[in-house]
Number of protein chains: 2
Amino acid sequence: MGHIIGSLNAGELLNNELTDSLSAMERGYSPLENAIRAMDVSVCEAFSKSGALAPVTFAPGDRTLEPNHEVAEAFPNSIAASKNIILTAAETMTSKVTGKRIAVLFSGGPAAGGHNVVVGLKQILGPDNTLMGVIAGPKGLLRGNLFEITDEHVNEIRNTGGFDFLGTDRTKIEKPDDIEKVRNVCREQNLDAIVIIGGDDSNTNAALLAEKLFSDVKDDGSGVQVIGVPKTIDGDLQLGDDLPISFGFDTATKIYAEKVGNLLRDTASSLKYWHFVRLMGRSASHVTLEVALQTHPTITLISEEIRERDIPLSEIVDIIAQTIIERAKKDLNYGVILVPEGLIEFIPGFTTMIDDLNDKMAQFKDELNGKSIREQLLFMYSKLTQSHGELLESLPDSIKYMLMADRDEHGNLPVSRIETEAMLSNAVKARISELDANVKFESLNHFFGYEARCGASSLFDSSYTYNLGATAGSLILDGRTGYMASLTVLDKGARPLGIPIASLLDIEMRKGKPAKVIEKALVKLDSQAFLYLQSRRKLWAEYDFSSSPGPVQFWGPTARQMPKTVALNRGYSSLDFKF
Amino acid sequence: MGHIIGSLNAGELLNNELTDSLSAMERGYSPLENAIRAMDVSVCEAFSKSGALAPVTFAPGDRTLEPNHEVAEAFPNSIAASKNIILTAAETMTSKVTGKRIAVLFSGGPAAGGHNVVVGLKQILGPDNTLMGVIAGPKGLLRGNLFEITDEHVNEIRNTGGFDFLGTDRTKIEKPDDIEKVRNVCREQNLDAIVIIGGDDSNTNAALLAEKLFSDVKDDGSGVQVIGVPKTIDGDLQLGDDLPISFGFDTATKIYAEKVGNLLRDTASSLKYWHFVRLMGRSASHVTLEVALQTHPTITLISEEIRERDIPLSEIVDIIAQTIIERAKKDLNYGVILVPEGLIEFIPGFTTMIDDLNDKMAQFKDELNGKSIREQLLFMYSKLTQSHGELLESLPDSIKYMLMADRDEHGNLPVSRIETEAMLSNAVKARISELDANVKFESLNHFFGYEARCGASSLFDSSYTYNLGATAGSLILDGRTGYMASLTVLDKGARPLGIPIASLLDIEMRKGKPAKVIEKALVKLDSQAFLYLQSRRKLWAEYDFSSSPGPVQFWGPTARQMPKTVALNRGYSSLDFKF
């Protein structure tokens, strides 16, 4: 049974030059992996001033953050030390720091470029300090599951994608017990610092650990430094010029854009399909906006706009249906519609209506029993609050039916499991047949997600992450704690920054309780990236303006592009990163 | 309403250098599209012997096909002319052929490289002949919807992917009426030849047209030549050394392989998911086999093997479940499982059982009414033929329930709409909980399909198609009809061939009737590509041997690779194509 669909012995495999070379490509040694592993990484000027790679010191910059007062009280050590000032790279470090032991871990969903953070960190720390890898994320830190990272490891993982070198998980280290466990691991392993590579929640966690490990961890009264590195393919961890983007966003959006571009060509070839594409990105629509700017699809929905303009679902469906009908009249009855994963939670009243529906369906379980779905709906309208009842009643039938589906064991309809793209295409189909029964409508639904989190890291992401790793290492050698590594002016050499994480935190309701967290950065409707979309989308909807950005390139004229949203929002004059 | 989610006027878009360059990238002018459009295409020696690009003449080669006797009788003109001999490129054409009018059309699903067939064709025909493009496939030919293709068109479409330059459709030209329409269009447009770019069915159609238009189309008694060009991403149009592969297969499998490689890295990073990936490819498993050789997934199902070895579904489920349990014991509870789209039709007895079930469910509609699904199943076992009843009874519950789902308006359960990957993962989940309830199992289902049919054409596909176009043009200028263009020895300069299509046809049952068609080439279990998989898959299942082939490259050391299955099956010593 070891064999998968066992041996057949139908013929003889000829062993030759080719079969030998194929076997050698296994375990991460594909021709491309070999080639990019050997490529040089761009190092920003700050780290290469002295000719060789060298860490930098930091000095207060001219930007100060204004933390929430309540947060400031909860992070007294961190706030006192940072004074809420963003640090900026000063000069090449002249004093030699040696003997430090630093642990690095991945936290949360994987993203392309993670390995190069480790590579940059290891190389800036140099041979006189020790870098330990934590296996399988925060859970591994709690268990003290660490090993020493060697130069051989670095040579193997350089420029390769994913978090597979260490693994990751989503454990949060918050409870006093867990923090005590970390203190013990720090003592046992004699750690001086921890680098946490993760998204908004993981960096929130880094801020908490920095505060709690600020001092008195070790026998001499010293603490353990904690530095965060901003990762998330969603792009919702960003802070203007001070943090232009999180890493992983560029690779993921380039992969989605390639596929959306391909679908646009496909549908302009077969001339009959409407593709509804849901794109990963839990809350914010940055991914969808970037992919739209790369490909110019027929219709792009941006969740933030729908919330801000208070556009009901029925109107969204109507706009899509009318666009399709208009195009059909011009013999352009095909296209691609982009739907951000988080859309539903931004539709006015939608999530509270579903909560209400969950409650009332549980409450009136017996009355609903035996009724048809249509009868159940009629019964429910009056049981919901007036506005929720009206919202439910206003929805297309196909969506109503979807919302009356079976609940999970807790009585909930899990919003994240609703296939928004299918919900929309069903509703659009129904609406088109109401508006103009002669218009044909064939749709295909897609979800583009997991296949882009661990793509081969784009040159932007490999370069960015290598320098983020070097920045994190420099912050440690410079004695800092509670900072997130960042880089600014990506179009002009890139300058390392340290952002005081506690100063970023705000109070947000999470599961009904106030929590101190980094607020997710949403798409701003006055941002240049959104305004660009807005200025072009009428043309894109009415005619074919699509482009196919194609697969991520590692050589050739297009290899050094950064995300379009970043270049637009930061006011850069070109798409190429310069460092 | 013209605007999509209308204007917001939340801020002002700054017009600058960057926004200008972004607008210039629309309508197929992304940086990558611009760069590859300007790239040279590799021309095989036959066409470049004289220094400049020149057509070749053909002579009988040493390979003869043996047509089915009944087919031969139905294609007297074609068989008499070709004598079933495969033509091979002879020498540079010395006589100048001028004044010919040739129409070219796409037929069936789109595939990368289609445009370069047109480019190669146009350039080999030269300025003294006229190339007409048929809009929207065979349907456009019936309507006489043609336009002249110019050098400007060629410069715009060169090396770009998809069929969007002309569009395509799936109309079959078979009925006498339709053939008469084509004859009329040929007369009206004064056509001398038609080039049909398509898959097995479209080339079957080309053979029929070649036979019917062999002579007496025009007033002088002459006919219209018809030449086919082999396209299909499924890879099931191939003929050993004489037709190593259809075009589009390389680009599509490279795109799927990139994504599967990314999932393999992703799951080795997050350490918890089993990804079940269904890969496009209607019948044959060539796509799945190629992707497996590129990525080394945990488990690969090959439909042809399952049929040949008569492996019941329950055993497939069992093998997957046991592999997962074994890996879980080694802390490797994650992986990727490849499922060919056509799998179900290859599972012994499955499709005939479903047909039987459809019939009996219609017959006993009243008896089934009001019964629970479990009761319906118990009732049905005895109504099916004994072997079908036993097969149904042997299936995992989740699959049984899926098969009892609602029928379409014709009373059928459409096999192609069964989400085989979901069916398998559900059944595997149930089986694991029976075998070892302590083993956790989290799965995610994927279908990789449409996003790869119109990807940016790989260098292999662009070069192959350009030369196929030049071969098709040469066959026309050399006065041939009823041939399919091909190239052989792709590792040694590539030599143009002409394959007599009628000689390929065989009798196959289609919708219950015998039809003369090109038989689909299935994966052979004694082929080197399959044997290679067989020799390695035990290792791939038990440990992590995955590689990430990464995105298709147009520059750099990996840009000139051909499919691994082609190189293995043809006995080439390297993966790089040489022409």
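**Domains, sheet and chain contact in a predicted model**

In this predicted model, chain A is assigned two domains. Domain 1 is made of four segments, 41-51, 58-90, 98-248 and 454-518, while domain 2 consists of 252-452 together with 527-551. The centres of domain 1 of chain A and domain 2 of chain A, taken over C-alpha atoms, are 37 Å apart. Where the two domains touch, domain 1 of chain A contributes 8 residues and domain 2 of chain A contributes 11 residues. On the side of domain 1 of chain A that touches domain 2 of chain A, 4 residues are polar, 2 are nonpolar and 2 are charged.

Chain A contains an open sheet of 4 strands, paired in parallel. The strand order is β9-β10-β8-β11. Strands β9 (299-300) and β11 (442-448) of chain A form the edges, each of them pairing on one side only. Opposite A:L338 in β10(A) stands A:T300.

The relation between the two chains was examined next. Chain B is superposed on chain A by a rotation of 180 degrees, with 0.0 Å of shift along the axis and an RMSD of 0.0 Å. This is therefore the relation of a two-fold axis. Both copies use the same surface, as 100% of the contact residues of chain B recur in chain A.

In the contact between the chains, 92 residues of chain B meet 93 residues of chain A. Several helices and one strand of chain B each supply at least two residues of the side that touches chain A. Among them are α1 (17-24) and α2 (31-37), as well as α11 (249-270) and the strand β9 (299-300). The list also includes α13 (303-308), α14 (313-329), α22 (528-542) and α23 (564-569) of chain B. The most is given by α22(B), with 9 residues. By class, the side of chain B that touches chain A has 43 nonpolar, 32 polar and 17 charged residues.

Terms used:
Residues numbered from 1 in each chain as written. Chains lettered and ligands numbered in written order. Predicted model: local features only at pLDDT ≥ 70, side-chain atom pairs only at ≥ 80, totals over all residues. Domains from an automatic or database assignment. Contact = placed C-beta atoms within 7 Å. Nonpolar A, V, L, I, M, F, W, Y, C, P; charged D, E, K, R; others polar. Pairing = 2+ DSSP bridges. Least-squares fit on C-alpha atoms with pLDDT ≥ 70 in both.
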